[in-house]
Amino acid sequence: MSKINDYRAIVGDDEVDELCILADRLKGKSVQNINSTAVGGGVAEILSRMIPLLRDLGVDASWDVIKGDERFFAITKKIHNALHGLGVDISQSDLDYFQEVNRQNCELMDLFGDIVFIHDPQPIGLVARREHRESKWIWRCHIDISDPQEATMNFLRDYINKYDAAVFSAPIFGRSDLSIKQILISPSIDPLSEKNRELPPETIDSIVDRYDLDRDRPIVTQISRFDYLKDPMGVIEVYKKVKTHIDCQLVLAGGGATDDPEGPRILDQIKSVAEMDPDIHVIYLPPSSDIEINALQRASTVILQKSLREGFGLTVSEALWKAKPVIASAVGGIPLQIAHKHSGILTCSVAGTAHYLKELLSDPEYAIKLGENGREHVKNNFLITRHIKDYLSLFISLYYKGYLNYL
Amino acid sequence: MTEGFHFYTQYHLLELLGLTARSPEDMLSCIKKVPVSSIYYHTHHFLQRHHYLSPEPPNDFAFWLMDALHLQSLGEEFLGVDTISFCNLEDLRGAFADILENHLLKGGENPNCMPGFEFHFLACYTLILPLPYTANNLQEFAELLRKVSIRSLYFHMFEARMRLGVRDNDFSQWMKGIGEEQLAHDISKLDPYSITLENLRGKIIRMVEDRVKN
């Protein structure tokens with residue numbers, strides 16, 4: 001596991017020194033993170049890297065996971081989709097069960113944190129317990145809620161307003177109907193994780209060989225959970241449009257999360273479409289596949305992230321960190337990561353994505369320049385050290401009033 | 001006896017105000033009511049976020065008027081506001097509001113942007129912390145300025161002047177205190193809005209080291 005001092009070579013001594021100074025201001029306060037899954041998905045990934053680094057900085061940080069059964073996670077997936085604006089039918093009985101599981105978790109869990117940091121809607125109801133404590137409560141929303149189903153937002157709003165602050169990932173997620181402080185903090189990638197660290201060429205080669213990919217022809221890749229919102233079928237359409245002009249291969253690779261019951265069904269649908277073309281590689285990756293993802297990204301010619309909705313879309317930063325040209329949808333937090341035609345390409349349709357994919361595959365110099373700019377942008381804005389700095393500032397700010405404070 | 005120069009650093013935490021503008025009229029209404037820290041954020045954040053790029057002169061308002069609404073001439077009026085000449089954020093707010101009011105009074109265009117291109121108002125909380133670095137003379141000052149983060153430089157050159165209402169940057173104030181009037185004056189004269197932060201750091205270090213040599 002990485003230590004905070006390992007980041008000095010990447011972000012500089014001054015950055016790490018100042019993180020230590022900031023962390024020192026949280027001495028005596030415990031920070032308890034709570035989410036709904038220990039593996040799979042971006043939240044678990046960020047927490048698994050962030051908690052050890054916070055501890056290394058001397059912060060008393062911990063991470064707990066709520067318990068829920070299949071029915072609960074089917075309901076929370078519906079809530080997730082409804083917040084993303086999809087037309088989903090959530091019954092009163094669903095909401096009652098959601099509340100009941102949250103109540104059960106309230107009774108089972110030891111909510112000991114001076115700062116209780118709740119991630120996403122699944123455990124949002126734990127805030128009912130705050131009446132019994134003088135602790136600070138923060139709700140971290142990792143989802144795109146720019147256009148949610150109103151009924152679902154109304155249901156959650158009563159919970160959200162019981163927190164001290166809500167944290168969102170992009171400016172477009174800010175809301176005029178919340179009575180609490182709303183904070184903007186982008187998520188991050190860890191440059192030293194298995195998924196992002198440098199890899200020896202022979203490791204990349206062996207993984208590419210394992211998946212039967214041809215290094216002599218362009219490889220176009222989308223890494224993401226198998227989820228409608230990542231638009232895997234749209235990616236296949238893009239590939240088919242480009243394939244008629246350029247002999248390329250498509251890789252659709254990703255895994256699932258324990259709190260996402262839809263994944264296997266969507267994977268089957270994609271496989272049935274892909275089996276007709278040997279150059280479409282659908283790769284299901286178990287949670288421990290970070291090196292495989294790293295190698296597939298590094299072996300790719302162009303990376304796509306053609307999502308219909310995104311909480312943030314960290315796979316974009318992962319690809320940019322590897323200096324890869326990225327074409328991605330202008331949704332969620334992706335426009336923060338890509339300045340169009342400077343550090344990548346932003347699109348909003350199959351036709352647009354296909355157009356730019358052809359362009360990048362035909363003009364490698366332009367593609368390389370986009371990738372280089374993208375890496376620099378990620379280095380300055382989307383690495384885990386910046387994320388830790390923001391979280392520490394947030395935790396400390398809960399104990400101060402006003403916009404300007406000397407510590 | 002004059003004290004040494006104590007370096008500080010600062011952290012910004014961004015607040016989403018939940019206020020959105022779709023037209024110049026909306027923007028005027030929001031500019032009038034947002035906290036001054038929002039005016040500060042939208043006229044200064046590019047300095048830190050893009051400190052590695054050659055600076056353009058964007059404030060967010062100008063960029064949005066030109067990019068999302070295609071109101072080139074109105075945007076250029078916003079670009080023309082000389083941020084460095086304001087020591088007070090309320091006055092800066094007033095300058096932006098005057099431009100929009102005049103534009104609307106004269107019957108200027110007031111289009112709505114396309115959905116998805118709205119202007120989202122942010123504000124920033126600032127936390128200021130002392131660093132364990134004190135310079136007792138110019139030589140030590142140059143060495144420490146090389147060592148501190150870009151946020152520390154930003155705090156002493158921008159934050160102190162604009163948000164804390166101090167008339168000059170912190171470096172020049174300290175230098176005046178130790179009898180270095182000319183150096184203080186030369187650093188005050190720099191336009192920190194037209195240079196990247198790393199270049200600004202290098203420039204100040206060179207000026208101080210030249211003074212030490214001579």
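Residues 51-57 of chain B keep a pLDDT under 50, pLDDT being the predictor's confidence in each residue, from 0 to 100. For residues 51-57 of chain B the model has 13 contacts beyond four places in sequence, where two residues are in contact if their C-beta atoms, placed from the backbone, lie within 7 Å. Where pLDDT is low, the predicted coordinates should not be read in detail.

This is a predicted model, in which local features need pLDDT of at least 70 and side-chain atom pairs count only at pLDDT 80 or more, while totals for chains, interfaces and linings use all residues. Residues are numbered from 1 along each chain as its sequence is written, with chains lettered from A and ligands numbered from 1 in the order in which they are written.

The model scores ipTM 0.88 and pTM 0.87. Chain B has an average pLDDT of 89, and 93% of the residues score at least 70. Helix H1 (residues 24-33) of chain B has the highest confidence in that chain, at 98. Helix H2 (residues 36-49) of chain B has the lowest, at a mean of 84. Helices (H or I, at least four residues) and strands (E, at least two) are DSSP runs, numbered from the N terminus.

The interface was examined next. In chain A, 30 residues are in contact with 26 residues of chain B. Five elements of chain A each supply at least two residues of the side that touches chain B: H2, strand S6 (181-184), helix H14 (364-381), H15 and strand S13 (404-406). H15(A) gives the most, with 6 residues. By class, this side of chain A divides into 14 nonpolar, 8 polar and 8 charged residues. Ala, Val, Leu, Ile, Met, Phe, Trp, Tyr, Cys and Pro count as nonpolar, Asp, Glu, Lys and Arg as charged, and the others, Gly among them, as polar.

Strand pairing also links the chains. S13(A) and strand S2 (residues 119-135) of chain B run parallel and are joined by 3 bridges; strands pair if DSSP finds at least two bridges between them. Tyr406(A) stands opposite Ile128(B) in S2(B).

The axes of H2 (residues 13-24) and H15 (residues 384-397) of chain A come within 10 Å and cross at roughly 25°. Axes are lines fitted to C-alpha atoms, for helices over the stretch in contact, and angles run from 0 to 180 degrees between N-to-C directions. H2(A) and H15(A) are therefore roughly parallel. Angles under 35 degrees count as roughly parallel, over 145 as roughly antiparallel, 65 to 115 as roughly perpendicular and the rest as oblique. The crossing of H2(A) and H15(A) is left-handed, meaning that the near helix is turned anticlockwise from the far one by less than a right angle. H2(A) contributes Glu15(A), Leu19(A), Leu22(A) and Ala23(A) to the contact. H15(A) contributes Thr385(A), Ile388(A), Lys389(A), Leu392(A) and Ser393(A). The contact has 5 nonpolar, 2 polar and 2 charged residues.

Helices H4 (residues 70-83) and H5 (residues 92-108) of chain A have axes that come within 10 Å and cross at roughly 115°. H4(A) passes H5(A) in a left-handed crossing. This contact holds 5 nonpolar, 1 polar and 3 charged residues.

In chain B, H1(B) packs with helix H5 (residues 89-105) at an angle of about 150°, the axes being 10 Å apart. That makes H1(B) roughly antiparallel to H5(B). The crossing of H1(B) and H5(B) is left-handed. Contact residues include Met27(B), Leu28(B) and Ile31(B) of H1(B) and Phe96(B), Ala97(B) and Leu100(B) of H5(B). By class, the contact of H1(B) with H5(B) has 8 nonpolar, 1 polar and 4 charged residues.
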